[in-house]
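Please open the structure in your viewer and keep the selection panel at hand. The tour below moves from one selection to the next and says what is to be found at each stop.

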Amino acid sequence: MMSTINTNYNEELMDSVLSYIHTNYNNPITLSKIYMDLDIEVRNIKTLLNKCLNTSFSEYLQQYRLTMACELLTQTNISVTEICKKCGINNSYFSKANTKY
């Protein structure tokens, strides 16, 4: 029973964190900001994120931003510079990362 409660709590927590990231990806986001904005008092959230996402928080955030930027690139006529601004990405990082992914 306790395991089910922990699992449900962890799933709800991850849903909240991912929803926060997906809503605020275009703004500066840190784990500290998520803790404060979501009023989360979980000390091992970083470990939970790594376990559930199979990647680090910063890597997930950058990947999500790049995904959103690529969608804008293919679906709009907005300039790369403006897309970077809209997605919270440094323009030079975007060029480098876009080649990587």
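Helices (H or I, at least four residues) and strands (E, at least two) are DSSP runs, numbered from the N terminus. This is a predicted model, in which local features need pLDDT of at least 70 and side-chain atom pairs count only at pLDDT 80 or more, while totals for chains, interfaces and linings use all residues. Residues are numbered from 1 along each chain as its sequence is written, and side-chain values use heavy atoms, with hydrogens and water left out.

**The aromatic rings**

Begin by selecting Tyr25, Tyr60 and Tyr64, which ring pairs link into a cluster; rings of Phe, Tyr and Trp (its six-membered ring) pair if their centres lie within 6.5 Å, and planes under 30 degrees apart count as stacked, over 60 as edge-to-face and the rest as tilted. A search of the whole structure finds two aromatic pairs. In one of them, the rings of Tyr25 and Tyr64 have centres 5.3 Å apart and planes at 80 degrees, so this pair is edge-to-face. Tyr25 sits in the loop between helix 1 and helix 2 whereas Tyr64 belongs to helix 4, so the pair ties together parts that are 39 residues apart in sequence. The rings of Tyr60 and Tyr64 have centres 6.4 Å apart with planes at 15 degrees, so that pair is stacked. Tyr60 and Tyr64 are separated by about one helical turn, because they are four residues apart in helix 4.

Now colour these residues by accessibility, where buried means under 20% relative accessible area, exposed over 50% and partly exposed in between (1.4 Å probe, protein chains only). Tyr25 counts as buried at 14%, Tyr64 is buried at 17%, and Tyr60 is buried at 18%.

**Helix 4 and helix 5**

Next, select helix 4 (57-75) and helix 5 (80-87). Their axes (lines fitted to C-alpha atoms over the stretch in contact, with angles from 0 to 180 degrees between N-to-C directions) come within 9 Å and cross at roughly 140 degrees. That makes helix 4 oblique to helix 5, given that angles under 35 degrees count as roughly parallel, over 145 as roughly antiparallel, 65 to 115 as roughly perpendicular and the rest as oblique.

To see where they meet, show Arg65, Met68, Ala69, Leu72 and Leu73 in helix 4 together with Val80, Ile83, Lys86 and Cys87 in helix 5; contact here means heavy atoms within 4.5 Å. Finish on Cys87, which touches Tyr25, Asn26, Arg65, Met68, Ala69 and Leu72, not counting residues up to four places away in sequence.
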